[in-house]
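Dear colleague,

I am passing the structure on to you with this email, and below it I have set out what was found in it. Please keep the structure open beside the text as you read.

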Amino acid sequence: MAGQTGKIAGNVIDASNGEVMPGVNIFLERTVLGAATDLEGDFIILNIPPGTYTATAMMVGYQDVRVTNVIVSIDRTTRLEITMTPEIIEGEVIVVEAERPLIQKDLTATEASVSAQEIQSIPVENLQDVLQLQAGVTVDSRGEIHIRGGRSSEIEYLVDGISVSDPFSGRMAVNVNQEAIQELKVISGTFNAEYGRVMSGIVEVITKDPEDEFTLDAKYYVGDYISTDTDIYYNIDVYNPLNIYNAQLYLTGPISLISQNLSYYVSLRREFNDGWLYGQRRFLPSDSSKFIAEHAYLEESGDKQAVAMNYSSQYYGNFKLIYKISPTIKLSYNFLMNYNEYRYYNHLYKYNPDGDISNYQFGYTNRLDFNHTLSQSTFYTLKISRYSYDLKSYLYEDLHDQRYQNPDLLRNREDAYSFLTGGTNMIHFKRNTTVTLAKFDITSQVNKIHQVKSGLEFKHNKIYVNNDEAYYRGEKSDIFSAEAFFNRGEYTHQPVEFSAYLQDKIELENMTLNLGLRYDYFDSKGVVPKELRDPQNINEERGDEEGYRDAKVQHQLSPRIGIAFPVSASGVIHASYGHFFQIPPFEYLYINPRFAVAPGGLYTLMGNMELKPQSTVIYELGLQQEIIGQFGFSITGFYKDVRNLLGTNIYETYVLGDRYARYENRDYGNIRGITLSFNKRPTPYDYITVSFDYTFQVAEGNASDPNHVFYNNQADPPKQSNIQVVPLDWDQTHTINISVSYDNTDLFSFGLIGQFSSGLPYTPAIQNLETTFENSGRKPAIYSLDLRLSKDILLWNKRLSVFLKVYNVFDRRNELTIYSDTGRAGYSLISRYLGDRRAHVNTLEDWLNRPDYYSEPRKILFGLSITL
C-alpha cells in the first residue's frame, strides 16, 4: 500500500509590494498537472510521479516564471517559493533553477532516496549494490542484506507500490534492472501506516515512466577479474574479456499511430558473469574410487579443464504501457521479469565440478493500475497485480535421467578433508509462489494542513513445494537424510491476507505530524496437531480420529506516530514511534506438512501453521541541519525492541527416544545505534557531490538462527542455549560509506565509492568445542574501493559515453568466512591436531584453501553507451 507519488506545495508573492498573489496558474511542463493559488497565494499539486520537472507560474500582467530542476520524491513535499514581477517587456520569461533541498522538513523518520541520475554516476551493477551504500544496511557473510540489525527476512520489497517480496523466504521475488529505476527509496526508521508486513526496513523501487519523445539508449560492456592472488583463486590468472559481459537496451516514446495519449517504455538486459571460483575437472561424475587402509584406487577420467563454479546468467525485462484516457484518468500496465541461472560454489565438488547442482530462478509480475484524479485535492488508485516466483535446483531436469550416478559415490571419500572423486548431487527441488493482489487507496488534501490517506488490500498466496530426490536405475537412495525425510513430498497451501490503514499527514507551519493506524489479518488455511506429543496422530489409544484442528486466524492493530519540527530556518528535529508486525516467512509455517518425526533421536524440524506475528517496537530521534546552503548534516539515534521472533522448541513424542523441534515465537533481541551523515551538493563551479555516513550499531539477541535451539540439542554433548543476549551474526559495530562523484559532461565524470565495516562476530572453537561464549570473537575488518570513469563524446549530434569501472581497486582480500580456531580465512590449526593423513586425492593444504571464504577479487569492466 505504498505511496508512488509526491507533491509540490508553495506560495507566490508579488515582487513589487511583497503581497501574496491569488489566482496564479502553476503547471508542470510536459504534464497535465497544475493548480491555481488560493486567496492566500498558496498552491498544492498532488499525484506527481517522482522525477525532475519544470514548473511555470503565469498571470496576466506579470512576467512568466519558469522554475527548473524541481525534484519530486515519493511521499515527500517539495516546496517552491515563487516571486513574480510585473511585466515590462511583453513575452519576457524569468528562469530560476531550483536547488535540491539538503534537508527534508516533512521527514518524520529516517529514509534515503536515490535518483536515476545518482545511480548512473556511481560504480554499481545492480539493485543490491545500491542498497549496500545506504546507512544502516549491513551484509552478512552469506550476502544477505540486513537493515538496522534485523533479520534478512524482515525487509519488505516494493516495486511501484506493490510488494514483490517472496512470502515463502522473505527475499525479493522479482529483481529490477537498475537502469529501469527512476527512484529508489530505503526507509530504515519507523514506517507510516500504509506499510505493512515489515519490521526492519522498506526498499521501494519506482520504475521509469514512458517519455513523450522517442528515446533509445543502448549499453554494452565486457570485463574479467584481474588478480595476483593465484595462491587462493585457481584459474584467476587466465584472462578472458568475455568472462563478464552485459548488453542492455531501452526504448521509450509515444505510440502516435494509435493515440498521442498512449506511450510505452521497454527495458531489456542480458548479463553474464563466469565468476571467480573455479574447479578442475579431474574426475567425472561416473568415476569410482576405493580407499582401503593405505591403498587407494582412483578412476580419474577428467580432462583437467577449469570449470566455473559460481557463474550467473541473467535476463531482465520491463515493459510499461500508459494510456492517458483524459487529463484526470490514467491507465497503466507494467510487466517486469527476471531470470537467473546460477550456481553456488561447493568445495566438495572442486575436482568433480560437473556433479553439483545449478539453480534456476524466474520471477515476473503483471500489474494493472487505474489512477483517477477527482479534483485538485483528491485522487484514488486501483491496482491489480499478480506475481510469480519459481525456484528450481537440480543437476538434470529429469528425475530419471540416466546420467545420475550411484549415490554411494557421494560417501566414498578418503577422509573428512578430501574432495569427491565422483558422484552426482541427487537433490531435485522445485517450488513456486504465486501472489494475486488487489488494492485500493485514496489520497485527499482535505485542507492546507491535513493530507489524509486510506486504503484496503487483499492478497491471495499460493505456495507450491515439490522436494524430491533423483533416481538411480529406477530407485531412490538408501542413504538416510533427516532433511529429505521431513521435507520430501509435494504440497500446496493458499494463505490469505487482508489489511486496511488510515493515515493523516499534518503539515503545520512549524511542525509536520504523521499519525496512522493499521489493521492486518492473516489466515494460514492450515492445521496444527491437537496433541504435540503425537503430531503424526498414530496413538490409537487416545481415540481421536481427527488429530488436527484448523489453525487460528491472526489479527493485529499497529499504531504509528512521527513528528518533525524546525529548530531554525535550516534545521529540523524529528521523533517517531511505532509498533510493527510481520508473519514469519511461510517456509517456517509449512515445513514438514506431514508432521513426520524421524525415528531414533532428534532429527526433525516441524512447521507451525499457527505462528504469531513477530513484533518490533521502534523509537527514533534525529536532527537534520543545513550548513551555508551547500552542506547537509544529520544525526539519528534509534532503539528497537524485538519480541516473538521465530525460534524452535523441543518436544518428546510418546515413542521413547523420538524427539522433534517445532517452530514457535520464542526468540527476542534489541538493537540500538546512531547514524551520522554528511552531504555536499554540486555547484556550477565544482560539479562535485559528496555523501558520507557512519553507523554505530549494537545488535543483540538470544539467537541469530531460528534453528539455534535445534542445533544445540543435536550437538554431542548437547549445548545449553543462550539465557542472555549475545551479538547477532550480523552485528556490525562500525560501518562507513563514502561516495564522491564529479560530473562535468564537457570534460569527464568519475565516481568513487569507499566502504569500511568492522568485523562480524564468530564463536571461537577448537575441534568443534567452543572455547568461550557464543559470538565473542570478531572477524577481520572489511574495506573496499570502487571506481567509475566516463567520458562523453558527441558523434553525429548523439551522445556516446565510454566508461571504465573497477571494483575492489586494491584487490583487497576481505575475509567473509573464517576458521573458528584462528578467526582467519587463510589458516587453521587443524594440521596441528590431525596428525599424519593419506593424501591420494588432495593435500590438507589444498582442502583448507577456501577461495569462497573471501570477497570478490578485483573486477574491471570496460564499455560504452549511446543515446539516440
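Y342 is found in strand 24, which covers residues 329-342; strands (E, at least two residues) and helices (H or I, at least four) are DSSP runs numbered from the N terminus. This is a predicted model, in which local features need pLDDT of at least 70 and side-chain atom pairs count only at pLDDT 80 or more, while totals for chains, interfaces and linings use all residues. Residues are numbered from 1 along each chain as its sequence is written, and side-chain values use heavy atoms, with hydrogens and water left out.

Y342 is buried, with a relative accessible area of 11%, where buried means under 20%, exposed means over 50% and partly exposed is in between, with a 1.4 Å probe and protein chains only. Along the chain Y342 and Q451 are 109 residues apart, and their C-alpha atoms are separated by 46 Å. L611, in the loop between strand 36 (602-606) and strand 37 (614-627), is also buried, at 2% relative accessibility. The C-alpha atoms of L611 and T190 are separated by 24 Å, and these two residues are 421 apart along the chain.

**Salt bridges**

How many salt bridges does the structure hold? There are 44 of them, a salt bridge being a side-chain nitrogen of Lys or Arg within 4 Å of a carboxyl oxygen of Asp or Glu.

One of them joins the side chains of R66 and E29, at 2.7 Å from N to O. Because R66 lies in strand 6 (residues 64-72) and E29 in the loop between strand 2 (25-28) and strand 3 (34-36), this pair ties together parts that are 37 residues apart in sequence. R66 is partly exposed at 26% relative accessibility, and E29 is partly exposed at 24%.

Another salt bridge is formed by D38 with K448, whose closest N and O atoms are 3.6 Å apart. Here D38 lies in the loop between strand 3 and strand 4 (42-48) and K448 in the loop between strand 27 (427-445) and strand 28, so the pair ties together parts that are 410 residues apart in sequence. Both are partly exposed, D38 with a relative accessible area of 28% and K448 at 37%.

E300 forms a salt bridge with R282, and the closest N and O atoms are 3.0 Å apart. This pair links distant parts of the chain, 18 residues apart, with E300 in the loop between strand 21 (295-298) and strand 22 (306-308) and R282 in the loop between strand 19 (278-280) and strand 20 (289-292). E300 is partly exposed at 34% relative accessibility, whereas R282 is buried, with a relative accessible area of 11%. Elsewhere, salt bridges that share partners join D160, D209, K320, R367, D369 and K383 into one network.

**Residues with a positive phi**

Most residues other than glycine have a negative phi. D160, although it is not a glycine, has a positive phi of about 55°; D160 lies in the loop between strand 12 and strand 13 (162-163) and is buried at 1% relative accessibility. N69 is likewise not a glycine and has a positive phi of about 60°, but N69 lies in strand 6 and is partly exposed at 27% relative accessibility.

**The largest cavity**

About 330 Å³ of space lies in the largest cavity; a cavity is a set of points, on a 1 Å grid over the protein atoms alone, where a 1.4 Å probe fits but cannot get out, and its lining residues have an atom within 4 Å of a point. Grid points are joined across faces, edges and corners, and the volume is the space filled by probe spheres set on the points.

Which residues lie nearest the centre of the largest cavity? They are G196, R197, E497, R518 and D520, out of 27 residues that line the largest cavity. The lining divides into eleven nonpolar, eight polar and eight charged residues, where Ala, Val, Leu, Ile, Met, Phe, Trp, Tyr, Cys and Pro count as nonpolar, Asp, Glu, Lys and Arg as charged, and the others, Gly among them, as polar. Strand 31 gives the most to this lining, with four residues.

With best wishes

Notes: On a 1 Å grid over the protein atoms alone, a cavity is a set of points where a 1.4 Å probe fits but cannot get out, and a pocket is an open set with protein on both sides within 12 Å along at least five of seven lines; lining residues have an atom within 4 Å of a point.
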